[in-house]
Structure formats: C-alpha cells, structure tokens
Amino acid sequence: MRPYDLAVVGAGPAGLACAVAAGRAGLRVVLVDGGPRLGGQYYRHAPPSYRATRPGVLHHGWRTFAALAAALPALDVDVRLRHRVWAAETAPDGLRLHCLAGDREETPVTFPAARLVVATGAHDRVLPFPGWDLPGVLTAGGAQALLKGELVLAGRKVVVAGTGPFLLPVAAGLAAAGARVRGVFEAGRTAGLAAHPGILLAHPGKLAEAAGYGLTLAAHRVPYRGRHAVVAAHGNTALTSVTVAKVDAGWGPIPGTERMVPCDTLAVGYGFTPQLELALQLGCATRTDADGGHIVAVDARQATDVPGVYAAGESTGVGGAPLALVEGRIAGLAAAGRPAPARLLRLRARLREFARALHAAYPVRDGWRGWLRDDTVVCRCEEVPYARLREALALGAADARSVKLLARPGMGPCQGRMCGYAVGRLAGSPEGLGHRPIAQPIRLADLARFEGDPT
Amino acid sequence: MNPLELVGASPEPPFEIVFAGTPVPAYPGQSIAAALQGAGIRAWRTTRVRARPRGLFCGIGVCFDCVVVVNGSATLRACLTEARPGDEVEPA
C-alpha cells in the first residue's frame with residue numbers, strides 16, 4: 001500500500017478538524033475510527049436509516065460537525081470507519097497503523113503513513129460504590145451515547161450523579177427525550193466556576209451553553225444539587241433505587257442526610273480519562289494534567305517527542321470539544337508543515353485556560369473512599385472487593401501495580417480502564433500507565449495471521 | 001416525547017433478533033445492546049465469580065461488561081455490534 005502522508009486516529013472533534021485541515025493543505029490522509037459513523041463520542045448520532053430531520057437537537061455545535069463532515073469528500077481523505085486500531089508502531093520508513101476492519105467478521109488492515117495524529121479521545125472516569133455493578137447503573141457518557149447514537153433511553157426514571165459540567169447535558173438530553181430525571185447530584189459545588197468569574201465572562205459561549213442546559217432542567221423540574229452524591233445503588237437483579245447523601249467539602253457523607261431515591265437508571269461520571277494506548281505504544285512522553293491524570297505531552301504545534309507523531313484533543317488534556325477542534329486543526333496544519341495562524345494559537349490558549357479552571361473547580365475528593373464497604377466490587381471484571389484491596393495494601397503494596405499483582409484488580413478484559421483510577425487513588429499512587437502492546441482485543445487467529453515488519 | 005420524536009426520526013421498519021429464545025425488535029443500524037435496552041432487557045450476562053447480572057455500563061466499548069455470544073460463536077461487545085436480522089444472542 002502506498003503510504004499516506006498522514007494517518008489520523010479518531011474521527012471525533014479533534015480528528016475530524018485535523019483531517020480537514022491536513023486535507024485542505026494538500027495532504028493525502030487516512031482517517032481511521034472504530035465506530036460506524038463519523039463524530040466520535042461528542043458528535044455521536046443515529047444511523048442514516050433513522051432519517052432524523054433534526055439531528056442537531058441532542059447536540060451542541062452540530063453545525064460545526066456537519067460542515068467538517070461535508071468538507072471531507074472533496075479532499076484526499078480516505079475515511080475508514082469500523083477500523084479498530086490495535087497497534088501503532090514506528091518503522092524505518094515511517095509509521096504503521098494496524099487495524100481490524102469490520103463489525104464481527106474482522107479483516108486485518110495495515111496503513112503505512114509518514115506522519116500520525118493521535119486523536120483517540122477519552123472515556124468516562126468512574127468511582128466504585130456499593131451496588132455500582134447492578135444493571136441500570138451506567139456511565140454518564142454511556143447513557144448519553146445510547147441516546148445520541150441509538151435514540152434509546154437508558155431508563156424511565158433516571159438519576160444523574162458525579163462531578164463536572166458534563167452531567168448537565170446528559171441530564172438535559174435525557175429529560176428532553178422523555179426520561180423522568182429525578183435529580184442531578186454534583187459531589188462538588190454546583191457553582192464550581194463561580195469562583196472564577198473572570199473565566200466565565202471571558203467565555204460567554206460556555207456560559208450560554210450552561211444556561212441552556214439549566215433552562216431545560218428547570219422546564220422539566222429537575223433539581224440540581226451540589227455537595228450531594230450517590231453513595232450506594234440498590235436492587236436484586238437490576239437497579240431500583242439509590243442512596244443520595246449530602247457530602248462535606250471532602251466528599252465524606254454527612255451522617256443522617258441519606259435518603260433513598262427510587263429510580264431504574266443511574267447515569268454516573270466523575271470526569272474523563274484520556275485514551276493513551278496508541279501514544280504509549282509509540283513511545284510518546286506523557287505528563288501530568290491539572291487533574292493528576294496522565295496526558296500526552298505536546299509542543300506548541302501539537303507534536304509529541306516522537307518524530308512524526310502528533311496528538312490533539314482529550315489525549316493531550318481533557319478540555320472539551322471546542323478545544324479539541326482547535327488542537328486538531330493546529331495538528332493538521334503542523335503535519336502539513338504549515339504554521340498555525342496566531343488567532344488559532346490564542347484561541348487554544350484561552351480554551352486551555354478554561355479547561356484548567358474546570359479541573360480546579362471539579363476535583364475528585366478523597367471522601368468517596370468512605371462510600372466503600374468490604375464487599376464493594378472495585379474491579380468490575382475480576383470482581384475484586386474492596387476488602388481484598390485493603391489486604392494488599394496492608395501487606396505493603398505501595399502503588400497501583402503492586403496492588404494489581406496481589407489482588408488482581410485491572411487484570412480482566414477492560415485492562416483496568418474502569419477501575420484504574422480508583423485503584424491508583426486507593427494505593428496512594430497515580431493511576432498506573434497502561435502500557436499495552438495490544439490496544440484493542442484481537443483474536444489469536446488474527447494475531448497469528450499478522451506478519452510483523454520483516455526488519 | 002421520546003427520542004425518535006425529539007430528533008424527528010422515521011426509522012426503517014425493525015427486524016427481529018432473538019435473545020435467549022425471546023424475539024426482540026431491532027432497527028436497521030441499531031447495536032445489539034440498544035435493541036436489548038429498547039426491549040427493556042437490562043441484564044444479559046452473569047459474572048463468573050459472584051454470578052451477578054450485568055448489562056450495559058460504559059456504552060462505548062471500553063468496559064466489556066456487555067459481552068454476548070452471537071450465533072453460537074463470537075463473544076462480542078453488544079454495544080459495538082450492529083444487530084443483523086435473525087441474530088441469535090445468548091449470554092456470554
């Protein structure tokens with residue numbers, strides 16, 4: 001296969017903006033995404049066979065997406081959807097992207113490219129609590145994905161909980177689509193950003209967006225409570241209620257404030273974890289973000305320290321779609337050897353400042369540990385209860401890796417993507433970096449068929 | 001209001017898949033997880049250790065909680081796998 005000038009992994013806001021910018025600069029691009037449609041998680045939408053006449057109703061900034069998607073056909077951009085990238089590697093003559101194409105009958109495909117942009121996005125960050133493994137408990141992003149991408153309500157009576165402004169569009173979307181949202185419970189302060197009035201005034205668009213969600217919630221009489229957390233979920237075979245408690249500034253439940261809220265669905269999220277597998281495989285240096293998580297380190301051109309490899313969007317720091325769009329454009333221009341306009345660089349600086357303020361306003365406090373009981377499952381895959389983690393810590397495990405070796409959290413199919421954050425916090429060390437030679441599950445037969453680089 | 005009305009959707013007619021012997025309607029393009037959820041089926045797997053029910057959790061292919069067996073062979077994430085007419089879906 002003739003090498004592409006540029007391979008872009010991820011067709012969300014960052015990857016789309018990048019592919020369009022690079023394509024307009026004359027590069028021959030391959031845009032690869034595991035999903036069936038363009039847009040990633042942020043612009044996730046229903047299949048064309050649903051013939052939606054108002055596809056933008058569940059979205060913020062839909063026109064931006066529509067314009068980017070419409071720009072692709074005229075450019076030399078090879079769009080490869082349903083291509084899951086399981087490995088990326090550097091070779092003497094460029095980079096290689098190893099994919100599995102298709103839905104269930106998967107075909108191995110390798111794309112050679114001179115340069116590569118990692119725009120792999122993020123997934124929900126979750127915290128364990130008693131009952132969080134019951135059917136009916138979903139991540140906030142999962143409930144939203146089901147609605148935006150499949151037009152299915154996760155449930156009829158829904159509680160939304162966690163921390164951060166993302167809870168608002170999740171709750172507003174569910175309420176507008178007909179779910180009865182019993183409340184939005186924010187463990188931090190609902191007016192988290194009010195401590196930064198200057199930031200809000202400098203970003204009137206963000207303020208207007210938040211106000212819009214607030215209006216939707218008010219119209220559906222959905223209460224939005226700060227310093228409240230879902231500390232337990234209840235049900236035998238599926239969720240029937242949650243316990244909501246007031247929490248102190250450190251998220252410790254305040255005794256006597258617990259109350260049961262009947263619901264069939266809980267949508268819960270405590271921020272986002274960037275997906276770094278491919279960047280780590282390629283050897284890109286990482287750094288610690290404002291929220292303590294690992295992100296890919298990039299320079300002013302979005303270039304990583306690996307020659308030819310760039311990163312944009314949430315993988316370089318969780319900052320939302322507008323920032324991802326700008327970073328993607330800058331990366332696409334940089335990959336084409338073009339400087340980014342000063343205006344774009346200033347916009348990126350402003351949006352990063354906003355992202356830092358959000359991280360500062362919605363931190364995850366340690367009091368969530370007080371929600372755990374001995375039998376609370378921490379690792380969902382291996383069903384490791386909190387008691388076993390405590391034993392490992394008592395035996396002297398001083399970091400997430402030692403805890404994993406002793407108690408086995410993170411050894412199951414999700415490879416610690418769900419419990420890694422919590423285990424790291426419990427171990428008192430940052431989440432272990434998931435160095436995985438294989439980023440996506442691949443059948444042994446496909447791996448056996450794979451012929452590595454003869455060099 | 002429901003999600004289809006909200007976005008003004010008029011999906012093509014649904015076809016049938018089968019979950020553990022029960023027919024379940026699925027719209028063309030829909031994932032197996034969405035079809036099950038839409039039919040009110042929320043648990044479709046039992047865990048190895050504690051025999052606890054599981055269904056959809058992350059919804060985007062990261063957590064592997066939603067795995068199912070489709071047509072007797074493949075173990076697939078229901079949230080990522082598009083339903084096809086006649087699919088026989090069993091708990092993994």
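**Entry 1: salt bridges**

A salt bridge is a side-chain nitrogen of Lys or Arg within 4 Å of a carboxyl oxygen of Asp or Glu. I looked up E382(A) with this rule and found a salt bridge to R408(A), with the closest N and O atoms 3.9 Å apart. E382(A) sits in the loop between strand 20 and strand 21 (384-385) of chain A, and R408(A) in the loop between helix 11 (400-407) and helix 12 of chain A.

The model is predicted: local features need pLDDT of at least 70, side-chain atom pairs count only at pLDDT 80 or more, and totals for chains, interfaces and linings use all residues. Side-chain values use heavy atoms, without hydrogens and water, residues are numbered from 1 along each chain as its sequence is written, and chains are lettered from A and ligands numbered from 1 in the order in which they are written.I also noted how elements are named: helices (H or I, at least four residues) and strands (E, at least two) are DSSP runs, numbered from the N terminus.

Next I checked accessibility. Buried means under 20% relative accessible area, exposed over 50%, and partly exposed in between (1.4 Å probe, protein chains only). E382(A) is buried at 15%. R408(A) is partly exposed at 40%.

**Entry 2: further pairs**

Side chains of opposite charge can pair when their charged atoms come close. How many salt bridges are there over all chains? I read off 20.

One of them joins D291(A) and R125(A), at 2.9 Å from N to O. D291(A) is partly exposed, with a relative accessible area of 22%. R125(A) is buried at 7%.

I then took R390(A) and D374(A), whose side chains meet in a salt bridge at 3.0 Å, N to O. R390(A) belongs to helix 10 of chain A, and D374(A) to the loop between helix 9 (342-361) and strand 20 (377-379) of chain A, so parts 16 residues apart in sequence are tied together. R390(A) is partly exposed at 39%. D374(A) is partly exposed too, at 43%.

Two packed helices are described by the angle between their axes and the distance between the axes. Axes are lines fitted to C-alpha atoms, for helices over the stretch in contact, and angles run from 0 to 180 degrees between N-to-C directions.

I looked up helix 10 (residues 386-394) and helix 12 (residues 420-427) of chain A. Their axes come within 11 Å and cross at roughly 40 degrees. Helix 10 and helix 12 of chain A are therefore oblique to each other. The cut-offs are: under 35 degrees roughly parallel, over 145 roughly antiparallel, 65 to 115 roughly perpendicular, and the rest oblique.

Helix 10 of chain A passes helix 12 of chain A in a right-handed crossing.

Which residues make the contact? Helix 10 of chain A brings Y386(A), L389(A) and L393(A), and helix 12 of chain A brings V423(A), L426(A) and A427(A). Contact means heavy atoms within 4.5 Å. The residues of this contact divide into six nonpolar, no polar and no charged. Here Ala, Val, Leu, Ile, Met, Phe, Trp, Tyr, Cys and Pro count as nonpolar, Asp, Glu, Lys and Arg as charged, and the others, Gly among them, as polar.

**Entry 3: helix 3 and what follows**

Is helix 3 of chain A enclosed or open? Eleven of its eleven residues are buried, so helix 3 of chain A is largely enclosed by the rest of the structure. The buried residues include Q144(A), K148(A) and E150(A). They pack against strand 7, strand 8, helix 4 (167-176) and strand 15 (265-269) of chain A, together with helix 1 (3-6) and helix 2 (32-38) of chain B.

L151(A) follows helix 3 of chain A. Its phi is positive, about 55 degrees, although L151(A) is not a glycine. L151(A) is buried at 7%.

I found a positive phi in W251(A) as well, near 75 degrees. W251(A) lies in the loop between strand 13 (241-246) and strand 14 (259-262) of chain A. W251(A) is buried at 1%.

**Entry 4: A113(A)**

I placed A113(A) in strand 6 (residues 107-118) of chain A. A113(A) is buried at 3%. Leaving aside neighbours within four places in sequence, A113(A) is in contact with P3(A), Y4(A), L6(A), A7(A), G94(A) and L95(A).

Conventions. A crossing is left-handed if the near helix is turned anticlockwise from the far one by less than a right angle, and right-handed if clockwise.
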